[in-house]
Amino acid sequence: KLQFLYFIGVNKFIKMLRRTLLRNVPRPVFQKVEMGPADPILGLSVAYAEDTHPKKVNLGVGAYRDDAGKPYVLSCVREAEKRICGQMDHEYAGITGVPKFVKVAQELLFSNKCPALADARTCSSQTISGTGALRVAAQFLGKYFPGEKTIYMPSPTWGNHDPVFNESGLNVKPYTYYEPTSCGLDLDAMLKDLREIPDGSIILLHACAHNPTGVDPTPEQWHQIEAVVKEKNHYPFFDSAYQGFASGCPETDAYAIRYFVEKGHEMMVTQSFAKNLGLYGERIGAMHIVCSDKAEKANVESQLKILIRPMYSNPPIYGARLVHTIFEDAELRADWEKEVKVMADRIIGMRKALTAELLALGSTKDWSHIEKQIGMFCFTGLSKPQVERMKKEFHIYLTGNGRISMAGVTSGNVKHIAEAIHEVSQ
């Protein structure tokens, strides 16, 4: 009996000792976190950087390059930097940003004659570039949109749209946009889908230079789209990332947005200055909510500030000051208009050159869509296996859906790119 009691006592002591020791052993807090998938665009850049082939080409990254393949800083930006260097303080901006920036952003997008600005019913806020604008807008819709918390987006759309809206608590559903056979717009199917979507739904629209396809509606097609949106009482949400950079004309690229405002729509618009001013790393953008009247705008703005305050409190000031310095000065504004047209024209020129090279190689395929599409990106129509061959055999890096960044095409590599496309598409 004594031996049994002794055994029980020792056993209890061992268990207590084990519990004590285990409590004091540090455990990995995030041990169960799984490895996430690599970003497809950044993954391409890594593969490109590791490639040692002398004729390698990166057609994945959506950033402008000059004809030597180098990053390009606009001269108007350089001049603005000189003017504010040593002159600016480093105080906090307000929650909705630098007021002078917000004003020029509104006027660039809507025009200074816009009734929604004249009536003071447009609520605007500076944001952390276009992605930040989308996230703030998505959070606002998730909290305050009175209808179904679903946003309908064109298929395909920019790869970051889905996660931004999903992470903000919105459901994401597609509507037909791209027609793969013609590499163009499937307008009939798009209008059909917009009519079948429940009344009063949120509809995401690319203002210009649709990413990833480069396929934009014509003004007449925009009229048809607007009519259906109005008929169904949908809520338009424009994403404007390329104003001026697409056609070379800021007014042309803002046509759809201004037309919808003219037709009396309330709407949301997100805006980026990354592409059209080359301010990629400055993370400068804005979001706008066109309201029904001045009183509604005041209420919306008050809640927008409450939403932003715990998110990032207030936006950075440097990029905002560059932008308003350029757009408040007539000479710098004129310089920008010339330079953004130079960038757009180089892209358009490379589209023509690539098409011409393919024809010169004797390709019997119809490549006219390369010239018809617009903006930074081109949906080539290449399949995933063809894309893999482009990478493995020709050291040309592009996304798996066949999208290429036309900014990566130069007079020095266009022939090599055309030869590769011709070879894999035969």
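A disulfide requires two cysteine sulfur atoms within 2.5 Å. The model discussed here is predicted, and it holds 0 disulfides.

**Cysteines**

- Cys76 is likewise in no disulfide, as the nearest cysteine sulfur, that of Cys249, is 16 Å away.
- Cys76 has a relative accessibility of 0% and therefore counts as buried.
- Cys123 also counts as buried, because its relative accessibility is 0%.

**The open sheet**

- In what order do the strands of the open sheet stand? The 7 strands follow the order S2-S10-S9-S8-S7-S3-S4, and their pairing is mixed.
- Strand S2 (122-128) and strand S4 (171-176) form the edges; each has a single partner strand, so one side of each lacks a neighbour in the sheet.
- On average, neighbouring strands of this sheet are turned by 25° against each other, direction ignored.
- Val269 has His288 as its bridge partner in S10.

**Strand S10 in its setting**

- S10 is mostly covered, since 7 of its 7 residues are buried.
- In a regular strand, side chains alternate between the two faces of the sheet.
- Which residues lie on each side of S10? Ile284, Ala286, His288 and Val290 are on one side, while Gly285, Met287 and Ile289 are on the other. Both faces are covered, and all of these residues are buried.

**Helices lying across the sheet**

- Helix H8 (residues 187-196) lies across S4 and strand S7 (202-206), and runs at about 140° to S4.
- Helix H11 (residues 255-262) lies across S7, strand S8 (235-240) and strand S9 (267-272), and runs at about 155° to S8.

**The crossing of helices H6 and H13**

- The axes of helix H6 (residues 129-144) and helix H13 (residues 294-308) come within 11 Å and cross at roughly 115°.
- Angles of 65 to 115 degrees count as roughly perpendicular, and H6 and H13 are therefore described in that way.
- The crossing of H6 and H13 is right-handed.
- H6 contributes Val136, Gln139, Phe140 and Tyr144 to the contact, and H13 contributes Val300, Gln303, Leu304, Leu307 and Ile308.
- An α-helix has 3.6 residues a turn, so residues three or four places apart point the same way.

**The enclosed helix H14**

- Is helix H14 (residues 318-328) largely enclosed or largely open? Of its 11 residues, 9 are buried, so H14 is largely enclosed by the rest of the structure.
- The buried residues of H14 are Gly319, Ala320, Arg321, Leu322, Val323, His324, Thr325, Ile326 and Phe327.
- The elements that cover these residues include helix H3 (75-84), helix H4 (99-110), S2, H12, S10 and helix H15 (330-360).

- Leu279 is placed in the loop between helix H12 (274-277) and strand S10 (284-290). With a relative accessible area of 4%, Leu279 is buried.
- Leu279 touches Val77, Phe273, Ala274, Ile284, Gly319, Leu322 and Val323, when residues up to four places away in sequence are not counted.
- Ser129 belongs to helix H6 and, at 2% relative accessibility, counts as buried.
- Leaving aside neighbours within four places in sequence, Ser129 is in contact with Gln271, Ser272, Ala274, Arg283, Ile284 and Gly285.
- How far apart are the C-alpha atoms of Leu279 and Ser129? They are separated by 9.3 Å, although the two residues are 150 residues apart along the chain.

Key. Residues are numbered from 1 along each chain as its sequence is written. This is a predicted model: local features need pLDDT of at least 70, side-chain atom pairs count only at pLDDT 80 or more; totals for chains, interfaces and linings use all residues. Side-chain values use heavy atoms; hydrogens and water are left out. Two strands pair if DSSP finds at least two bridges between them. Helices (H or I, at least four residues) and strands (E, at least two) are DSSP runs, numbered from the N terminus. Axes are lines fitted to C-alpha atoms, for helices over the stretch in contact, and angles run from 0 to 180 degrees between N-to-C directions. Contact means heavy atoms within 4.5 Å. Buried means under 20% relative accessible area, exposed over 50%, partly exposed in between (1.4 Å probe, protein chains only). Angles under 35 degrees count as roughly parallel, over 145 as roughly antiparallel, 65 to 115 as roughly perpendicular and the rest as oblique. A crossing is left-handed if the near helix is turned anticlockwise from the far one by less than a right angle, and right-handed if clockwise.
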